[in-house]
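Q: Could you take me through this model feature by feature, giving the general idea before each case?

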Amino acid sequence: MATAKVNTVRTPLVFYSILALLVLLPMLRPGYILTLDMAFTPTLRMPTGVTSSYLFNTTLHVLNFAIPSQVLQKLLLFLILILSGWGAHRLLKLAQAAPWRPGYEAWGAYLAGTIYMINPFTYGRFMAGQYAVLLGYALLPSFVGASLKFFANPARRTALQLAMWTVLVGVVSIHTLGLAAVVLVVQCGLALFKYWGERKHLLTLAKYGLLTLAVFIVASSYWLAPLVTGSNTQAQAITHFTTADRQAFATLGGNTAGRIGHVLQLRGFWADGRGLYTLPQHVLAMWPLAMIGLWVLAATGVLAMWRRRQRTVALLLLMSGAVAVAVASGGPDGWLATHLPLFSGYREPEKFVGLVVLTFALFAGQAAAATLGWAQRHARQLLFNGAAMCCLLLPVVYTPTMFWGFAGQLTPREYPADWALINSRLNSDSSSFKVLFLPWHLYMSFGFAGRIIVNPAPAYFDKPAIASNQLEFNGASPTVPDPQKDVLTYHVLPAAPSGHQLGKQLSPLSVKYVLLAKDYDYRKYDYLNHQTDLVLVQETPHLKLYKVVYHG
């Protein structure tokens with residue numbers, strides 16, 4: 001019995017590990033995976049502000065003392081894929097009303113795990129480098145599993161387990177808490193309906209539900225308190241979000257119907273329409289057939305669960321998925337952002353597609369188990385083999401661009417050697433100062449990265465480096481408001497080309513050096529050579545270092 005239990009754990013882990021290697025293997029060579037929001041640097045620094053991700057980033061910082069950051073990065077990406085597949089696999093097993101048997105039902109679990117792991121939503125988020133969002137997404141099935149156990153058997157143990165998973169989700173991705181909240185609200189509604197006449201059970205649910213909430217609040221108070229009082233960067237950023245932000249990062253689709261259509265295809269990410277990476281539907285002409293196949297499987301799964309009297313779980317998935325579709329599409333004309341205060345923090349509502357993916361994956365897995373079981377019972381081997389093959393191919397056809405290094409789009413990169421050289425030069429100056437990093441962009445194309453990435457300078461250099469916080473995207477607000485950077489953006493730098501004393505303007509900001517990377521539009525900063533209070537002290541193949549010599 002013990003051996004069988006070990007195998008039920010080991011075999012799925014081996015399967016999803018192999019699947020993860022088929023995605024990541026070309027990316028495991030030395031170097032960093034640099035893409036949009038993911039720009040790991042040699043030193044992973046201690047976070048400066050207390051936000052929901054404080055413990056997560058602190059953990060990476062501590063691990064970095066023993067493990068090189070590029071290794072940590074790849075371990076993290078590998079973990080995301082493993083947890084996604086294995087979590088959905090285990091959740092489908094838990095959702096089975098009858099005892100789970102190896103065989104055709106295992107096929108359903110593997111299909112659910114594979115779809116949750118390999119799909120257009122995860123593909124887009126990987127290409128955008130949103131590893132924290134993906135890690136929260138990977139933990140979501142385990143959270144749902146803990147919530148199912150709690151509502152089926154409310155007790156201290158299940159309450160603490162649910163609290164633990166909720167805290168973990170909040171630590172890695174505050175946005176995923178919104179998806180978790182949808183699941184809990186739906187489950188509360190279903191519990192009220194199901195146990196309306198059983199007052200004792202409802203009181204037990206309420207009692208241990210309050211325990212779960214209390215543990216979550218206490219364990220998360222380090223970031224909840226600053227968020228509620230508006231004293232951390234997350235709260236400050238939310239207060240600055242405007243209609244322009246919601247429009248800039250709205251789910252693709254043009255109108256409500258179009259956005260819902262994209263969401264039901266498990267896509268609609270704003271970055272999909274920016275030419276930043278190859279889209280799955282542009283690779284295979286048969287992609288629409290795979291999409292339709294997923295819809296048919298999901299619909300079949302609903303019917304199969306209903307017939308097997310797994311109706312509570314089926315309703316939970318259907319209702320949670322429906323809410324997620326509505327939220328991800330933004331509702332009609334931004335209604336949700338206007339009437340739900342907390343929703344204003346989601347200037348990019350497409351993140352809720354993650355919950356839609358989970359719904360589709362579990363229904364599809366259930367459908368595969370039911371279909372293969374029917375074929376097996378009726379001794380129709382040809383039908384069984386054909387259905388099994390279609391199940392195996394569906395995720396591959398639906399998202400072919402995820403495999404083998406994301407179709408070769410992501411390869412390991414190294415920072416130029418002169419970045420380390422300039423860092424040493426700056427460290428040789430023992431005084432207290434800041435470094436202005438130019439070109440003045442938050443996101444830009446760096447030659448060594450081979451694509452547009454978030455500016456890595458503030459994380460790379462040991463001395464405080466000031467880089468732009470402007471998204472420069474359809475009027476969207478800065479991710480983190482900063483009055484000092486506003487002065488540079490709107491006053492100092494616009495006036496610099498026509499002046500000759502930039503150092504005088506930078507001195508009150510404690511800027512002692514200006515560092516110009518020879519990337520993107522760096523030639524527009526030639527005016528640095530004509531400033532009377534700036535001196536070029538070092539030039540390398542990729543960088544130019546100027547020193548402020550103004551003495552006021």
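A: Helices (H or I, at least four residues) and strands (E, at least two) are DSSP runs, numbered from the N terminus. Thr401, for example, is found in the loop between α18 (381-398) and α19 (403-408). This is a predicted model, in which local features need pLDDT of at least 70 and side-chain atom pairs count only at pLDDT 80 or more, while totals for chains, interfaces and linings use all residues. Residues are numbered from 1 along each chain as its sequence is written, and side-chain values use heavy atoms, with hydrogens and water left out.

Q: How many helices and strands does the protein have, and what does its radius of gyration say about how compact it is?
A: The secondary structure comes to 23 helices and 7 strands. The radius of gyration is taken over C-alpha atoms and is set against the globule rule, 2.2 Å times the number of residues to the power 0.38. Here the radius of gyration is 26 Å, close to the 24 Å that the rule gives for 552 residues, so the protein is as compact as a globular protein of that length. Along the principal axes, the C-alpha atoms fill a box of roughly 85 × 50 × 50 Å.

Q: Is Thr401 buried or exposed, and which residues does Thr401 touch?
A: Buried means under 20% relative accessible area, exposed over 50%, and partly exposed in between (1.4 Å probe, protein chains only); contact means heavy atoms within 4.5 Å. Thr401 is buried, with a relative accessible area of 2%. Not counting residues up to four places away in sequence, Thr401 touches Tyr123, Thr278, Leu279, Pro280, Val283, Phe406, Ala407 and Gln409. By contrast, Thr401 and Val215 are 186 residues apart in sequence and 41 Å apart in space, C-alpha to C-alpha.

Q: Where are Leu213 and Gly261 placed, and how are they to be read for accessibility?
A: Leu213 has its place in helix α9 (residues 199-219) and counts as partly exposed at 45% relative accessibility. Leu213 and Ala159 are 54 residues apart in sequence and 9.0 Å apart in space, C-alpha to C-alpha. Gly261 lies in helix α13 (residues 256-264) and is partly exposed, with a relative accessible area of 24%; Gly261 and Val325 are 64 residues apart in sequence and 9.5 Å apart in space, C-alpha to C-alpha.

Q: What is the share of buried residues in the protein, and which residues have the most contacts inside the largest nonpolar core?
A: In soluble globular proteins, nonpolar side chains tend to be buried together. A nonpolar core is a set of buried Ala, Val, Leu, Ile, Met, Phe, Trp, Tyr and Cys residues joined through side-chain atoms within 4.5 Å. Buried residues make up 54% of the 552 residues, and the largest nonpolar core has 145 residues, with Phe406, Trp419, Phe446 and Phe461 having the most contacts inside it. Leaving aside its neighbours within four places in sequence, Phe461 is in contact with Arg45, Trp419, Ile422, Asn423, Leu426, Phe437 and Leu515. A second, separate core of 21 residues includes Leu493, Leu509, Leu528 and Leu534.

Q: Which residues other than glycine have a positive phi, and is the peptide bond from Leu438 to Pro439 cis or trans?
A: Most residues other than glycine have a negative phi, and most peptide bonds are trans. Among the residues with a positive value are Phe406, with phi near 55 degrees, and Glu472, with phi near 50 degrees. Phe406 has its place in helix α19 and counts as buried at 0% relative accessibility, whereas Glu472 is in the loop between β4 (465-466) and α22 (483-495). The peptide bond from Leu438 to Pro439 is cis, with omega near 5 degrees, and Pro439 lies in the loop between β1 (434-438) and β2 (443-446).
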